Amino acid sequence: MSAHPAIFGSRASCARSIAVAAISVAIWCAASTSRAADTPAPSPDKLDRITEFFDNEIASGKLPGAVVLIQQHGKPVYLKCFGVQDVATKAPMTPDTIFALHSMTKPITSLAAMMLIDAGKMSLSDPASKFIPAFADVKVGVAADGAAALKLVPPDRPITIADLLRQTSGITYEYIGGKLIMKAYSEAGLFNGRYDNKTFADRIAKLPLARQPGTLWRYGHSTDVIGRIIEIVSGQTLYQFEKQHIFDPLGMTSTKFVLDNAGERARMAEPLPDDTVLKDAETERRAHPEWESGGGGLVSSLTDYARFAQMLLNGGQLDGKRYLGPAAFKTMTSDHVGAGSGVARDYYYFPGDGFGYGYGLAVRTDPGNARPPPPGSIGELKWDSGSGTYFGVDPNLDMIYILLEQTQNERARITPAFKKLVYDAFSQENSKDGGKEK
């Protein structure tokens with residue numbers, strides 16, 4: 001790829017943006033002195049390696065730009081903007097640049113569902129058909145060897161709210177699964193014409209499940225169905241509910257499904273012109289403002305998402321307001337697909353080595369099988385997306401990290417490299433005080 005010369009002049013304006021935004025991005029929660037004292041701080045020299053990495057990504061033309069935040073004890077220890085938000089306009093990246101979150105929408109929608117569960121409005125054991133009658137007639141598609149069509153059989157049990165939240169409903173994505181399942185999805189007209197959450201949920205209920213409910217973790221449209229159930233239970237649109245109960249209280253003013261005005265649209269980050277998969281996906285998303293996709297429809301900024309991530313780090317509360325009770329928060333952030341759950345792991349297993357899955361979030365449960373183990377801490381929460389956005393919450397380090405970028409082409413390479421750089425910065429190995437790695 002060719003470099004983008006206009007990018008190199010953006011660092012000065014980025015520095016000004018950081019200075020202005022530092023107060024708004026910093027969440028000055030009260031961290032105890034003993035906790036801070038017991039937790040390793042990042043090495044400035046190692047943080048500089050993050051800067052070097054993204055400077056090279058920009059200079060080599062692999063990325064138009066990115067914004068990165070590492071926040072510990074409620075205060076930013078690293079906050080930088082790189083490159084431009086759009087190579088066409090050459091507008092520099094800032095902490096208030098707006099990004100398509102794609103699947104980083106899922107943790108927010110899952111929190112909204114857990115808030116309704118915590119309030120007693122619905123339960124994890126409720127069948128999806130209680131709210132969406134079409135799911136009462138759902139069938140499981142069985143692909144026999146050499147068969148030209150799926151055999152449709154009744155489910156062993158109904159799809160539950162818990163199944164939808166932990167991605168074990170049997171609902172998949174149109175690009176994941178066996179050939180006959182993918183064929184059924186591609187021929188169903190899921191995305192034809194106009195469709196809101198009601199229409200989409202009714203359409204998906206007519207499709208065969210890829211597996212019996214509760215037996216396999218498989219990524220799919222489950223969280224979109226949860227979005228529709230939130231609407232039914234609350235009597236509001238998904239955005240109205242999330243705005244009232246999450247976005248407004250947290251001060252997430254740039255988080256929404258549809259941008260309202262030209263000023264907001266001018267702050268939108270765009271992928272490179274040759275990132276055709278992401279560009280096509282974004283074109284489709286923007287063409288359907290009527291669909292408030294709980295699985296992938298939100299846009300947000302670093303300033304906003306830092307508030308959400310810090311609330312998770314604080315155990316479901318921020319600035320004196322509790323969003324989820326302690327028991328419900330523990331339920332949301334515990335692994336529900338591990339040993340004893342009866343859930344098999346799909347070959348397309350996103351949570352990754354050493355991770356299980358809670359309700360809308362990956363949960364680190366063990367060191368993993370790789371040697372050396374992947375970086376991170378037991379109990380860490382994280383999620384990412386097809387647009388390259390990525391965040392993590394690490395209670396052991398009292399730290400959150402967020403990377404916002406717009407790239408499908410490079411995300412599989414950049415995401416693990418970024419995470420390693422983050423955790424290397426907190427490693428005490430080879431530090432001046434001779435401390436051992438935590």
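Which residues in helix 4 meet which residues in helix 8?

## Basis of the model

This is a predicted model, in which local features need pLDDT of at least 70, side-chain atom pairs count only at pLDDT 80 or more, and totals for chains, interfaces and linings use all residues. Residues are numbered from 1 along each chain as its sequence is written, and side-chain values use heavy atoms, with hydrogens and water left out.

## Helix 4 against helix 8

Lys106, Thr109, Ser110, Ala112, Ala113 and Leu116 of helix 4 meet Thr223, Ile226, Gly227, Ile230 and Val233 of helix 8, contact meaning heavy atoms within 4.5 Å. By class, this contact has 6 nonpolar, 4 polar and 1 charged residues (Ala, Val, Leu, Ile, Met, Phe, Trp, Tyr, Cys and Pro count as nonpolar, Asp, Glu, Lys and Arg as charged, and the others, Gly among them, as polar).

Helix 8 spans residues 222-234, and its axis comes within 10 Å of that of helix 4, crossing at roughly 40°. Axes are lines fitted to C-alpha atoms, for helices over the stretch in contact, with angles running from 0 to 180 degrees between N-to-C directions. Helices (H or I, at least four residues) are DSSP runs, numbered from the N terminus.

## Ala113

Ala113 lies in helix 4, residues 106-118. The residue is buried, at a relative accessible area of 0% (buried means under 20%, with a 1.4 Å probe and protein chains only). Not counting residues up to four places away in sequence, Ala113 touches Met122, Leu165, Ile226 and Ile230. Glu242 is 129 residues from Ala113 in sequence, and their C-alpha atoms are 9.8 Å apart.

Terms used. Helix = DSSP H or I, 4+ residues; strand = E, 2+ residues; numbered from the N terminus. Buried < 20%, exposed > 50% of the residue type's maximum accessible area, 1.4 Å probe, protein only.
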